[in-house]
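This report describes selected features of side-chain packing and helix arrangement in a predicted model. The sequence and structure are shown first.

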Amino acid sequence: MSDTILIHHQEAAPTSIDERALEQFSGKVMADVGSALAVLLSFIGDQTGVYRAMRDLGPSGFEEIAEAAGVDARYLLEWLSANAAAGYVDYDPEQETFRLSPEQAIVLAQEGHPACFQGFMQQVTAQFTTHEKAIDTFRSGKGRGWEDHHACCFCGTDRFFRPGYAANLIGAWLPALEGVVEKLQSGATVADVGCGHGSSTILMAEAFPKSTFHGFDFHRPSVQEARNGAASVGLANVSFETAAAKSYPGNSYDLVCMFDALHDMGDPVGAARHIRETLAPDGTLMLVEPLAGDSLADNLNLVSQLFYAASTLICTPASRAQEVGLALGAQAGEKRIVEVLREAGFTRIRRAAETPVNMIIEARP
């Protein structure tokens, strides 16, 4: 790492400064810097078990919390103080105790809850860990594959998306597709393309034991994690294989799923075309993509800010690292996604469902 940061000064033309606007914007940036530090400290609390200890203890002094979590008490006092100032934990000055409110406990310590943010915090921390590569990629315009990220990038992504899939996939998304649940209940063949750690595949395999599920991903370590996950719950109707989206094996699939992956692909048209070619004549593609409007003006909100940031660091460089390098981006929007699907040969396309962060598109040949 270079010890020198070069700052290029250029004489700016005189301009009138609105001091009130300057103060407001400086305050916003200061809050964002505080939030960035809060994310790192929160990830430390997650990895060391401090939040879980606090959840179980109730109001406690810092030394009691340190003993329960197995961390250094003096460092913990500083950590707790920062968390209290950020509003991440509650502090009682009269009793000199710290606690997690029930709501704080859900967001910071309840793994698997849709409102738990630790997966996203892990993902963000992973990006800071490899910031030099991010700067080089940004400057050069070259691609950067998923495999070139810190391992926490994969774990954090799975932790972030898994609760949303668990809350919506079986009960809402699949029932929104025409005739799909009936096929799954009687026995269907399913491909989950870009399955990652296999959370979505395993959820479906558990819910529909008469069907057979095949998870495919190009990243070998993720495939192994998926196999381990399936083995841990004793599933016999699911398998995982290392394969690219444009060349995974098999045909006559009743359902092909792709969760938050199409926009990462260098050739999404080619991937969608291969999916269409491997579907049964009456088969269905369920495509889950980040929710977005069709223009930047539609997406000037906090959720889109998060997805645009992830797209800058992960999704768009991942696409550019592959052939074609279409670089859809994580906020491509429904209109652009539909264009890709139509170019791949799908003719019947509709938005079947949505959540605050995802749109679910049903496509048929």
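## Nonpolar cores

The largest nonpolar core has 32 residues, of which Y248, V256, I337, L341 and F346 touch the most other members. Two or more residues are contributed to this core by each of β3 (189–193), β6 (253–259), α12 (268–278), β7 (279–290), α14 (334–343) and β9 (358–364). Leaving aside residues up to four places away in sequence, V256 touches A191, V193, Y248, I275, T278, L279, T284, L285 and M286.

In soluble globular proteins, nonpolar side chains tend to be buried together.

## The two sides of helix α3

Helix α3 spans residues 62–69, and I65, A66 and A69 within α3 are buried. These residues lie on the same side of α3, because they cover an arc of only 100° around the axis. E63 and E67, on the other side of α3, are exposed.

The packing partners of the buried α3 residues are α1 (19–48), α2 (50–57), α4 (73–86) and β2 (97–99). Just after α3, G70 adopts a positive phi of about 75°.

## The α6–α8 pair

Helix α6 (residues 118–129) and helix α8 (residues 151–173) have axes that come within 7 Å and cross at roughly 160°. An angle over 145 degrees counts as roughly antiparallel, and α6 and α8 are therefore roughly antiparallel to each other. The crossing of α6 past α8 is left-handed.

At this contact, Q118, G119, F120, Q122, Q123, A126 and Q127 of α6 meet C152, C153, C155, G156, T157, R159 and F160 of α8.

Conventions: Residues numbered from 1 in each chain as written. Predicted model: local features only at pLDDT ≥ 70, side-chain atom pairs only at ≥ 80, totals over all residues. Heavy atoms only, no water. Buried < 20%, exposed > 50% of the residue type's maximum accessible area, 1.4 Å probe, protein only. Helix = DSSP H or I, 4+ residues; strand = E, 2+ residues; numbered from the N terminus. Arc of directions from axis to C-beta. Contact = heavy atoms within 4.5 Å. Core = buried A, V, L, I, M, F, W, Y, C linked by side-chain atoms within 4.5 Å. Axes fitted to C-alpha atoms, helices over the stretch in contact; angles between N-to-C directions. Parallel < 35°, antiparallel > 145°, perpendicular 65-115°, else oblique. Left-handed = near helix turned anticlockwise from the far one by under 90°.
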